[in-house]
Amino acid sequence: MNEERKKILEMLQQGKITVEEAEKLLAALLSPEESKSEAQKSTCKYLRVVVEPGPQSEDRDRVNIRVPMKLIRAGLKWAAFVPKHAHSSINKALHEKGIEMDFAQITSEDIEELVSQLDDLTVEVEGKEKVRICCE
Amino acid sequence: MIPMFMRLKVSRNPNGHGLLLPVFLVWILLFALMVVLLPFVLIAALVTWRSGQGKWLLLTYPLLVSVLFHLSGLYVEIEHSEQNILIAFL
């Protein structure tokens, strides 16, 4: 165990820092290669989307979709095929939805980072229909 | 791994049995077609290399294979009041 890591754990033991702070500090100690490999150790294999009728819904329609994360990664690589002249249309459509983003600036690394962060994603919406999006 | 079978169910009865389609036969045909088309793709890539599109043409092959190989595990189930649809790659 290196000195910095030991010091952080001692600070945690003495109650000088919280568990969350210690976690952040330990993550900061990792080299970019180490943190990248940590991110790749994703346990999330599938993205699940479930839509069920809510208690007040008259519809009995249900949707249950399970998409492998590897398929999402492979599919996102096709984004590179979007022609340059379409970028302005995409940016305009995003702007209309209130999203200020330049599509041309999105790199494959950004996409990879975004997908790796989906591990912690859980969206639950309860209205007329119950919608659940999570990783499993 | 590339999916070998696809379970397909389109029925009004939610408990009805679906079809188990041997999609590996489709992959065999598709890969044969890809091999046949490869020389044409290479020529097209060389012709359009200067415009920058040639690189993308060459990339279609590995990207398509990558998508096909990761289809395994894809599961789509839609239950509608009139019809139920299930598509699953095994």
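Predicted model: local features only at pLDDT ≥ 70, side-chain atom pairs only at ≥ 80, totals over all residues.

Accessible areas here come from the Shrake-Rupley method with a 1.4 Å probe.

Select chain B and display its surface. The accessible surface of this chain comes to about 6,000 Å², and carbon and sulfur atoms hold 74% of that area. Of its 90 residues, 28% count as buried.

Return to the cartoon and follow chain B from the N terminus. Its secondary structure consists of two helices and four strands, arranged in the order β-β-α-α-β-β. Among contacts in chain B with a separation of 6 or more, 49% are between residues 24 or more positions apart.

Next, select strand E1 of chain B, residues 6–11. Which strands pair with E1(B)? One is E2(B), residues 19–21, which runs antiparallel to E1(B) and is joined to it by three bridges. Another is E4(B), residues 84–89, paired with E1(B) in the antiparallel sense over six bridges. Now pick B:Met6: this residue stands opposite B:Leu21 in E2(B) and also opposite B:Phe89 in E4(B).

Finally, show chain A together with chain B. Each chain contributes 19 residues to the contact. About 1,600 Å² is buried between the two chains, with 66% of it on carbon and sulfur atoms. The interface has zero salt bridges, whereas four residue pairs are in polar contact across it. On the side of chain B that touches chain A, select helix H2 (53–69) and strand E3 (75–79), each of which supplies at least two residues. H2(B) gives the most to that side, with seven residues.

Definitions and conventions
Residues numbered from 1 in each chain as written. Chains lettered and ligands numbered in written order. Heavy atoms only, no water. Buried < 20%, exposed > 50% of the residue type's maximum accessible area, 1.4 Å probe, protein only. Contact = heavy atoms within 4.5 Å. Pairing = 2+ DSSP bridges. Buried area = accessible area lost by both parts, 1.4 Å probe. Salt bridge = Lys/Arg side-chain N within 4 Å of Asp/Glu carboxyl O. Polar contact = N/O pair within 3.5 Å; in protein donor to acceptor, adjacent residues only side chain to side chain.
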